[in-house]
Amino acid sequence: MRRALAALAAVPLLFSAAACGSETASIQDGSAGVKVAGQVGAKPTVTFPTGDPATKSSYKVLEAGTGPAVKTGDQLIVNLSVWNWDGKGNALQGSTYDTKTPETLPVNEQLPQLLRDGFTQLKHGGRLLAVMASDLTTPAAGQTAPAEPTKVFVMDVVGTQPKAASGQETGETLKGVKVDNPGGDQAPTLTTKTSDKPSKELVVKTLIKGEGAPVKGDQTLTVHYTGKIWGTDKEFDSSWGRGEPASFPLAQVIKGWQQGLEGVPVGSRVVMSIPPDLGYGDQEQQGIPAKSTLVFVVDVLSAA
């Protein structure tokens, strides 16, 4: 959820701040006088009422949708447009219909209750209007609330992000490493306890080949992964264990990931053996000994 447009890049921060603040009551069908025109699947047009902006947050289901129902825990893929409702210019801050890169929003406690209530009344193909005012945030003791304008979001539900790799198992293996693929949305099991010596080169094996576009080096990926140290079976990190996939620009992670994941089709599951010079080298890193060979099993869920 990190885009070039500053307003859209701030969207997750806005939602997180609201989620950490006071929970305002959800007002169903609360458009606050805002009118939205246009079809779902295209950039909407918004008309604001005259006078001061709304000071109470609300939402309205504009289109219910006809696809699968949205559920708590879904990683929703949405096209969204956001406006600053300041009672003056009411300027459009950005739209994913312009950037052609939908956002992914988790339907969980990271979102304010108002949005969780709204989204879970939708199905795929639905459209939600949300008016997010200052009543969603509570200033810290001794501080005053920032003079942020009320924001208006129009969000179209495109679908949900997959929770695991999907596609055909290839039968490929990595000598010395075992990966059990339980199927469905369950996490794979990675075992790296072995007496075999690791390769001094990067080794990447595709366990499940996805049907999406190949990953590009300048993209932001969303992945599930588990990382262990070769030979010890010591797990040092796992998004599966945290219950949330991770998102990051591929260009900002270790070289082994950059080289190993570029070109991998979205939807794939790969296992990678990363030598020290493409990992953390001679530096100990959060309990990972220096000169460790790292092993990751990675599900590439999306790339944008």
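Predicted model: local features only at pLDDT ≥ 70, side-chain atom pairs only at ≥ 80, totals over all residues.

Trainee: How many residues apart along the chain are E169 and I208, and what separates their C-alpha atoms?

Mentor: E169 and I208 lie 39 residues apart along the chain, and 4.3 Å separates their C-alpha atoms.

Trainee: In which strand is E169 found, and is E169 buried or exposed?

Mentor: E169 belongs to strand 9, residues 168-169. Exposed means over 50% relative accessible area; E169 has 54% relative accessibility, so it counts as exposed.

Trainee: Why is strand 16 described as largely enclosed by the rest of the structure?

Mentor: Buried means under 20% relative accessible area. Strand 16 covers residues 269-274, and six of its six residues are buried, so the strand is largely enclosed by the rest of the structure.

Trainee: Which residues point which way from strand 16?

Mentor: R269, V271 and S273 point one way, while V270, M272 and I274 point the other way; all of them are buried.

Trainee: How many bridges join strand 12 to strand 16, and over how many does strand 16 pair with strand 17?

Mentor: Strand 12, residues 203-209, runs antiparallel to strand 16 and is joined to it by five bridges. Within strand 16, S273 is the bridge partner of V203. Strand 17, residues 294-303, pairs with strand 16 over six bridges, also in the antiparallel sense. Here F296 of strand 17 is the bridge partner of M272.

Conventions. Residues numbered from 1 in each chain as written. Heavy atoms only, no water. Buried < 20%, exposed > 50% of the residue type's maximum accessible area, 1.4 Å probe, protein only. Helix = DSSP H or I, 4+ residues; strand = E, 2+ residues; numbered from the N terminus. Pairing = 2+ DSSP bridges.
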